[in-house]
Amino acid sequence: MVDFTLAKRALLREYRRGLISKLDICDAHPELMRAARNVGEDTTLECPVCDTPGLRRLAYVYADELRQDNGRVWTLEEALELTAGCRSGTCYVVEVCTDCSWNHLAEAFVG
């Protein structure tokens with residue numbers, strides 16, 4: 001497992017110091033926003049940018065043996081099970097705020 005918390009903290013520190021703008025970090029692609037609304041799982045976390053509750057988490061799994069499902073969005077539980085069953089699969093967990101479009105890679109799991 002790779003945890004990207006330190007990278008997240010560094011990015012948010014730059015934002016709070018005014019070194020980067022909100023537009024630079026709240027730039028979720030429309031497809032990511034759609035997936036977050038429809039497949040993403042609610043969390044108890046607040047958005048680190050706009051402080052609204054309801055940050056959502058979703059997962060993408062990449063593995064050659066998945067064929068047409070390679071790179072597809074999954075619920076976190078499904079993605080971790082799928083990754084564990086793949087020889088060379090990787091699961092990427094993304095957190096997304098559906099209010100301000102904040103998005104960040106939170107974790108990666110290698111199967």
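This is a predicted model: local features need pLDDT of at least 70, side-chain atom pairs count only at pLDDT 80 or more; totals for chains, interfaces and linings use all residues.
Trainee: What span does helix α1 reach from its first C-alpha to its last?
Mentor: Helix α1 covers residues 5–16 and has 12 residues. At 1.5 Å a residue, a span of 16 Å is expected, and the helix comes close to it. After α1 comes G18, whose phi is positive, near 85 degrees. The span asked for, from the first C-alpha of α1 to its last, is 16 Å.

Trainee: Within what arc do the buried residues of α3 fall, seen down its axis?
Mentor: Helix α3 spans residues 30–38, and its buried residues are L32, M33, A35 and A36. They line one face of the helix, because the arc within which they fall, seen down the axis of α3, is 165 degrees.

Trainee: Which exposed residues does the face of α3 turned away from its buried side carry?
Mentor: The buried side has a cover that includes β3 (56–62), β4 (72–74), β5 (90–96) and β6 (103–110). On the face turned away from that side, the exposed residues are P30 and N38.

Trainee: With the side chain of which residue does the side chain of N103 make a polar contact?
Mentor: N103 is found in strand β6. Leaving aside neighbours within four places in sequence, its contacts are I25, D27, A28, L32, E95 and V96. The side chain of N103 also reaches the backbone oxygen of S101 at 3.2 Å. The side-chain partner in the polar contact, at 3.2 Å, is D27.

Trainee: How many bridges join β3 to β5?
Mentor: Strand β3 has 6 of its 7 residues buried, so it is largely enclosed by the rest of the structure. It pairs in the antiparallel sense with β2 (residues 41–42) over 2 bridges, and with β4 over 3 bridges. β3 and β5 also run antiparallel, with Y60 having Y92 as its bridge partner in β5. The number of bridges joining β3 to β5 is 7.

Trainee: How many residues make up the largest nonpolar core?
Mentor: In soluble globular proteins, nonpolar side chains tend to be buried together. The core here includes A59, V61, W74, C91 and F109, and β3, α4 (76–84) and β5 each supply at least two of its residues. Not counting residues up to four places away in sequence, F109 touches M1, L80, T83, G89, T90, C91 and V93. The total for this core is 11 residues.

Terms used. Residues are numbered from 1 along each chain as its sequence is written. Side-chain values use heavy atoms; hydrogens and water are left out. Helices (H or I, at least four residues) and strands (E, at least two) are DSSP runs, numbered from the N terminus. The expected span of a helix is 1.5 Å times one less than its number of residues. Buried means under 20% relative accessible area, exposed over 50%, partly exposed in between (1.4 Å probe, protein chains only). The arc is that of the directions from the helix axis to the C-beta atoms. Contact means heavy atoms within 4.5 Å. A polar contact is a pair of N or O atoms within 3.5 Å; within protein, one must be able to donate a hydrogen and the other to accept it, and residues adjacent in sequence count only if both atoms are side-chain atoms. A nonpolar core is a set of buried Ala, Val, Leu, Ile, Met, Phe, Trp, Tyr and Cys residues joined through side-chain atoms within 4.5 Å. Two strands pair if DSSP finds at least two bridges between them.
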